[in-house]
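The report below picks out a few local features and then turns to the whole chain.

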Amino acid sequence: MHPPKIDYSTKRVLLIESSGNMRSTIVYMLRQLGIANIQAVTINSHVLELIKDGAFDIILLGHNGSDQLTGLQLLEESRFLGYIKPEACWMFMTGDSSQEVILHAIDNQPDALLTKPFSMDELKSRLDLLIFRKDALREVDALVERGQLDMAVKACDQIELSGSDYDYVQMMKGKLLLQLNRFEEAERFFKQRFTHHNEKESGLCLAQACMGQGKYAVAKPLLIKLVAKFPLFLSAYDLLAKLYEHEGELIPVQDTLKDATQKSPLSLLRQMELGRIAVYTKTLELAEGAYRKSISLGRDSCYSSPEPFLRLANVRRLEMADLPESEQLGLQGQFDELLNTASYQYPKDKALKVKTALLRSQLSSDMGNEDDANRYMVEASKFAGQLDQSLDLQRELLDITGDRLPILEQRPAPGKDKPKGYTHDPEMSIRVNRLGVKHYLADKIPQAIRYFGLAIENDPKNSRALLNLAQLFLESAKQESTRREERLKMVTRYLRLAERMTLNELETKKLTLLKACSKVSLEKLPEGSLGVLLK
């Protein structure tokens, strides 16, 4: 079935292109399609406001690598800020067809990618397909925007399309099942698609569905095959790296991320992940390269932060450990310079002051200067007191120095010792619990526990947060022998609280599993995580 003829006369277009000649050419093409409402602008700092405030049907974004502000940077920032709305057709146009530009553009998920120069027929063909699909999915997108994902799944089944358009809608349905944590359904769905079509996107989603059920042994060979068959499919690298880290296989994580960053070096976040893992494995030269690249990318990125400076300063600290005192001075100078540069470039970042003092304290302790170490720790405590949200300085120190974070000590039971000004906010509780899951999946366990605790403070009846805390305390009891009995008591307490609540099917299964695990000998429990947390 061919898409019906599109009526372009009602469409509103934003054309962003720095080349005047190319801008004029594209405007002419759009006029030929019957589009009268065209706003054509060059790339500048005001474009983001246009994107945010304008109700455009089509956004054509040009990229020229020689521009001070490039289309690639605008695309990344628009995605970061949430300005890329499902109702608009985003087309990324680039004259630079290099692998690194194309792959980084794909990372930021425009609806289509077009290489300049292009013909009138090419532009029309791409726009016809995009607009046809957008119109067909308008109701689904509206439901997703409102958070009604269950209804969006049902709406996908009501769309009558055929051929590639039907496949496109079905893929969207499957991804919605993943977002809903309906992993068993998603596994059946994508297994059938992958078996019949052997498409990489279905394979990736099938692996996600398996991981959501804890079937890592099934997901791993699938991802390895995807990476081998589609060597530029970076999403498969990212998911495989997460799987390896979940299993504690840090060298394969490092190799996977290193391979991905070599193929697509423009992702600051992926470079930071590589640096983090390289510090864990003590591959300091690799960590340095990743953090230096992150600093360079951060100059023009919405992800700019002082973190790469802090992490590189920590690499310098680690390098000093094996050197004689006479050779440490040069590295200490670089250490100081990195921290000073971060402070200069991010003067309003209050958390940076805390982390800088913590790093200086650790370096002083490494060098045997306990007086200086204590002085810097007092300084960190003073700065931490000025923050809106409290910090656990010991945990922050472990984080910034690259040590693996142990489970936090016991928290007060939910409902006790509530802070002044406490308010019951179920919606906030849900959002905070999701942040806890995000930090758990990133192996930031102390932050995860902190968020789960906040979720319960905002809503003591948040059964998911209670179950998540029960799981983390059970994992910590397995991993550490100190205060094991107290942690098991916390597990029992959280499970009893959850039992008194009305649980859905997924939560009931989680409760049953955790109760069973809590009754067996800890030595018989599986190593590492007991499974993906509820969202």
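## An enclosed helix

The buried residues of H20 are Leu393, Arg395, Glu396, Leu397, Asp399 and Ile400. The model is a predicted one. H20 spans residues 393–400, and six of its eight residues are buried, so the rest of the structure largely encloses this helix. Gly402 follows H20 and has a positive phi, near 90°.

## A buried lysine

Lys134 belongs to helix H5, which covers residues 120–136. Is Lys134 buried or exposed? Its relative accessibility is 13%, and the cut-off for buried is under 20%, so Lys134 counts as buried. What does Lys134 touch, apart from neighbours within four places in sequence? Its contacts are Pro86, Glu87, Ala88, Cys89 and Asp111.

## Salt bridges

The structure holds 30 salt bridges.

| Asp150 | Arg182 | 2.8 Å |

Take the salt bridge between Asp150 and Arg182. Asp150 sits in helix H7 (residues 149–157), while Arg182 sits in the loop between helix H8 (163–179) and helix H9 (183–197), so the pair ties together parts that are 32 residues apart in sequence. Asp150 is partly exposed, at 42% relative accessible area. Arg182 is also partly exposed, at 25% relative accessibility.

An α-helix has 3.6 residues a turn, so residues three or four places apart point the same way. Asp259 is partly exposed, with a relative accessible area of 27%.

Glu288 is buried, with a relative accessible area of 19%. Arg316 counts as buried too, at 4% relative accessibility. Salt bridges with shared partners join Glu288, Arg292, Arg316 and Glu319 into one network.

## A helix pair

Two packed helices are described by the angle between their axes and the distance between the axes. Helix H17 (residues 325–345) packs with helix H18 (residues 350–366) at an angle of about 170°. Their axes are 10 Å apart. Angles over 145 degrees count as roughly antiparallel, and H17 and H18 are therefore roughly antiparallel to each other.

Which residues meet in H17 and H18? From H17 come Gln332, Phe335, Asp336, Leu339, Asn340, Ala342 and Ser343. From H18 come Leu352, Thr356, Leu359, Arg360 and Leu363. The residues of this contact divide into six nonpolar, four polar and two charged.

## The whole protein

The protein has 25 helices and five strands. Its radius of gyration is 26 Å, close to the 24 Å that the globule rule gives for 535 residues, so the protein is as compact as a globular protein of that length. Along the principal axes, the C-alpha atoms fill a box of roughly 75 × 60 × 50 Å. Buried residues make up 49% of the 535 residues. Among contacts between residues at least 6 apart in sequence, 64% join residues at least 24 apart.

Key. Residues are numbered from 1 along each chain as its sequence is written. This is a predicted model: local features need pLDDT of at least 70, side-chain atom pairs count only at pLDDT 80 or more; totals for chains, interfaces and linings use all residues. Side-chain values use heavy atoms; hydrogens and water are left out. Buried means under 20% relative accessible area, exposed over 50%, partly exposed in between (1.4 Å probe, protein chains only). Helices (H or I, at least four residues) and strands (E, at least two) are DSSP runs, numbered from the N terminus. Contact means heavy atoms within 4.5 Å. A salt bridge is a side-chain nitrogen of Lys or Arg within 4 Å of a carboxyl oxygen of Asp or Glu. Axes are lines fitted to C-alpha atoms, for helices over the stretch in contact, and angles run from 0 to 180 degrees between N-to-C directions. Angles under 35 degrees count as roughly parallel, over 145 as roughly antiparallel, 65 to 115 as roughly perpendicular and the rest as oblique. Ala, Val, Leu, Ile, Met, Phe, Trp, Tyr, Cys and Pro count as nonpolar, Asp, Glu, Lys and Arg as charged, and the others, Gly among them, as polar. The radius of gyration is taken over C-alpha atoms; the globule rule is 2.2 Å times the number of residues to the power 0.38.
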